[in-house]
Amino acid sequence: MSLKYAVLAALLEGEASGYELSKVFDVSLANFWPATPQQLYRELERLAGDGLIQARVVRQERRPDKRMFTLTEAGREDLRAFALAPIRRPTALRDELLIKVQAMDDADPAVTRAQIEERMTWARGKLDRYERVRDRLLDGRTEERYLGEADRIGPYLTLMGGIAFERENLRWCERVLAVLERRSRRVLRGG
């Protein structure tokens with residue numbers, strides 16, 4: 001899948017500038033489709049050129065003019081077709097840290113521990129951001145009430161996936177650190 005459909009899906013929320021879309025990607029789509037601002041701006045240009053989105057210029061007095069993007073009907077149709085198409089293949093996890101853990105038996109365990117701790121810090125930060133977004137979306141409602149009343153629930157459901165992923169990431173990191181700690185104590189005791 002390309003960045004194309006992630007951008008089109010983000011524009012279902014309504015008109016947005018490139019900057020606003022980059023914030024949406026940073027907060028709500030980063031859990032399953034990260035993109036740099038440069039990638040995002042290139043994709044916006046491609047999508048506009050393909051007629052899937054349209055841009056309008058908003059004049060600003062004290063700032064540079066900004067472009068606001070919206071989905072066209074062709075963009076909605078393309079996104080709809082994508083949503084209805086079968087998934088081509090399951091997601092493959094590609095994670096450099098997992099390769100490092102796989103190879104850790106020939107490396108310094110302290111380095112592996114530090115890398116796991118760094119991953120935990122990132123996961124906690126992402127989890128905190130996702131939970132703030134969730135709280136903002138719920139706005140005092142229960143999850144069930146929100147899911148029953150909201151016009152669009154897709155963003156919330158993907159957010160739930162991101163929260164679950166980061167929680168599991170933290171559990172895995174905690175387990176790895178516990179195993180490493182037990183093994184280091186055993187080595188210190190001599191067996």
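Predicted model: local features only at pLDDT ≥ 70, side-chain atom pairs only at ≥ 80, totals over all residues.
User: Which residues of α1 are the buried ones?

Analyst: L3, Y5, A6, V7, L8 and A10. Buried means under 20% relative accessible area, with exposed over 50% and partly exposed in between (1.4 Å probe, protein chains only). Residues are numbered from 1 along each chain as its sequence is written, and side-chain values use heavy atoms, leaving out hydrogens and water.

User: What makes α1 "mostly covered"?

Analyst: Six of its eight residues are buried. As for the name, helices (H or I, at least four residues) and strands (E, at least two) are DSSP runs, numbered from the N terminus.

User: How many aromatic pairs are there?

Analyst: Two. Rings of Phe, Tyr and Trp (its six-membered ring) pair if their centres lie within 6.5 Å; planes under 30 degrees apart are stacked, over 60 edge-to-face, and the rest tilted.

User: Why is the pair of Y5 and F82 called stacked?

Analyst: Their ring centres are 4.1 Å apart and their planes sit at 5 degrees, so both values pass the cut-offs and the pair is stacked. Y5 is in helix α1 (residues 3-10) and F82 in helix α4 (residues 73-84), so the pair links distant parts of the chain, 77 residues apart.

User: Why is the pair of Y146 and Y156 tilted?

Analyst: The centres are 5.0 Å apart and the planes make 45 degrees, so the angle falls in the remaining class, tilted. Y146 lies in helix α7 (residues 143-149) and Y156 in helix α8 (residues 154-189), so the pair ties together parts 10 residues apart in sequence. Y146 is buried at 7%, and Y156 is buried at 0%.

User: Where is R152, and which residues does R152 touch?

Analyst: R152 is in the loop between α7 and α8. Contact means heavy atoms within 4.5 Å, and R152 touches A9, L12, E13 and Y146, not counting residues up to four places away in sequence. With a relative accessible area of 30%, R152 is partly exposed.

User: What makes a set of residues a nonpolar core?

Analyst: The members are buried Ala, Val, Leu, Ile, Met, Phe, Trp, Tyr and Cys residues joined through side-chain atoms within 4.5 Å. The largest one here has 19 residues, and V7, L8, L11, L21, F25, L44 and I53 have the most contacts inside it. α1, α2, α3 (37-49) and β3 (66-71) each supply at least two residues of this core, with the largest share, six residues, coming from α1. Apart from this core lies another, of 16 residues, among them I116, L127, L170 and V176.

User: What is the average confidence of the protein chain?

Analyst: pLDDT is the predictor's confidence in each residue, from 0 to 100. The protein chain averages 90, and 96% of the residues score at least 70. Among its elements, helix α2 (residues 18-29) has the lowest mean pLDDT (81) and α7 the highest (96).
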